[in-house]
Amino acid sequence: MTLIQLAQVVLATGVSVVAGCLIVLYVVQKAITKPFPVIKRRKEEQHFLDPIAIKNVDFPTIENAPSVDLSVIVPAYNEEQRLPSMMEECLNFLEEKSKDASFTYEVIVVSDGSSDGTVSLALKYSKRFTANKLRVLELIDNRGKGGAVRLGMLSARGRYLLFADADGATKFSDYAKLEQSIRSVATDWQSDAIVVGSRAHLEKEAIATRSFFRTFLMHGFHFLVWLFAVRSIRDTQCGFKLLTRSAAHKLFKNLHVERWAFDVELLYMAERLKIPISEVSVNWKEIEGSKLTPVWSWLQMGVDLFLIWFRYTIGAWQLYDENKEHTS
C-alpha cells in the first residue's frame, strides 16, 4: 500500500467516525432535548423583600405593560466585595438622570444562589433608595449567569432593559451611547432592537497585556463564535447590553443556555429573528475576582457554541411560539 493510499484510508476512516458520531449525537439530542426552554422558578423567587415596609411583594412580569423607562439587571454570584463600587456608580448616574422627571428607572440585583453577603448588601441599597428603585431577586440555587439575567429580565418593568455586570468593568456613563443607538434603530419599546456594548476596539491593548496562551484562547473562542453562531458582532461577551422590551420578551423566553455562552445564543437568536443589532464601543477595564476560569470555562463555552448551532440546525431547539406556554 502506497503512502497516498494509506492517507486515503485514514481520511475515509476519520470521515466515517465523525459521521457516525454526528449521527449518534443527532439521535441522542432529538431524544432528550426539549424544543422550548422550561423556565423553572421557585415560589420564593417570585417576590422581593421591601426592606422598609418589611414585607414580600410579588414581582411583575415582562408580560405586563411597562411602568418605568429603564430596568437594569445585575446578575451577582458572591459579589459582596465587587458590587458596592458598581452600585455606587450605577445609582449615582441613574439618580442624576432621573432629575429629569420624564426618566424613571429600577435596578434588579439577581443574587444567583450567593453564599456570601451579596443579598444583605443589595438590600441595604434597596432600603436606601426604596424598593421602587432597587429590588433584590434572590435565587435559591445557582443557575448560571444566563439563568440569572433571564429571571431578572422576566421580572422587569422597563420599556428598555439593560444587563450590566456586577464587577463594574464597564463605565455606566456609557449607557448614554447605548441609549442613543437604540433610539436611532427602534421607534419605541414595542419595536425590536438590541445594542451591544463592545470591547473590540480594545483588542490590541488586551493582546499586549495578556499571555500568549490567553490570547490564543481568546482568538480561538472568537473564531468558534463566528463559525457556529454570530457573524454580525465582534464582541459577544461584553456584559453591557440594552434591549427593547419587545426584544427582551422574545429572546429571554427562548433562551436555553444558562451559563457563560448565553450571550452567544441570545445574539444567534436575534440574527435568526432578524432583530436589528448594533455594536457600540464602551470603556472597559479588567476587574480582579472574575468567576470565569480561563481554561475550563472556555472549554465549556466551546462545547456550548457547537451545541447551540447543532441543536438549532437539527430542530432539537426551536424558537418560541407565542401561542403556546412553555414555562413552569
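This is a predicted model: local features need pLDDT of at least 70, side-chain atom pairs count only at pLDDT 80 or more; totals for chains, interfaces and linings use all residues.
Local features need pLDDT of at least 70, and side-chain atom pairs count only at pLDDT 80 or more, while totals for chains, interfaces and linings use all residues. Residues are numbered from 1 along each chain as its sequence is written, and side-chain values use heavy atoms, without hydrogens and water.

Start with helix 2 (residues 83-97) and helix 3 (residues 118-129). Their axes come within 11 Å and cross at roughly 20 degrees. Axes are lines fitted to C-alpha atoms, for helices over the stretch in contact, with angles from 0 to 180 degrees between N-to-C directions. Helices are DSSP runs (H or I, at least four residues), numbered from the N terminus. The two helices are therefore roughly parallel (angles under 35 degrees). Contact means heavy atoms within 4.5 Å. Helix 2 contributes Leu-83, Pro-84, Met-87, Glu-88, Leu-91 and Glu-95, and helix 3 contributes Thr-118, Leu-121, Tyr-125, Arg-128 and Phe-129.

Next come helix 8 (residues 245-254) and helix 9 (residues 262-272). Here the axes come within 10 Å and cross at roughly 120 degrees. Leu-251, Phe-252 and Asn-254 of helix 8 meet Glu-265, Leu-266, Met-269 and Ala-270 of helix 9.

One cavity of 30 Å³ or more is present. A cavity is a set of points on a 1 Å grid over the protein atoms alone, where a 1.4 Å probe fits but cannot get out. The largest cavity holds about 70 Å³, the space filled by probe spheres set on the points. Its lining residues (an atom within 4 Å of a point) include Met-86, Asp-165, Cys-238 and Trp-284.

Note on methods
On a 1 Å grid over the protein atoms alone, a cavity is a set of points where a 1.4 Å probe fits but cannot get out, and a pocket is an open set with protein on both sides within 12 Å along at least five of seven lines; lining residues have an atom within 4 Å of a point. Angles under 35 degrees count as roughly parallel, over 145 as roughly antiparallel, 65 to 115 as roughly perpendicular and the rest as oblique.
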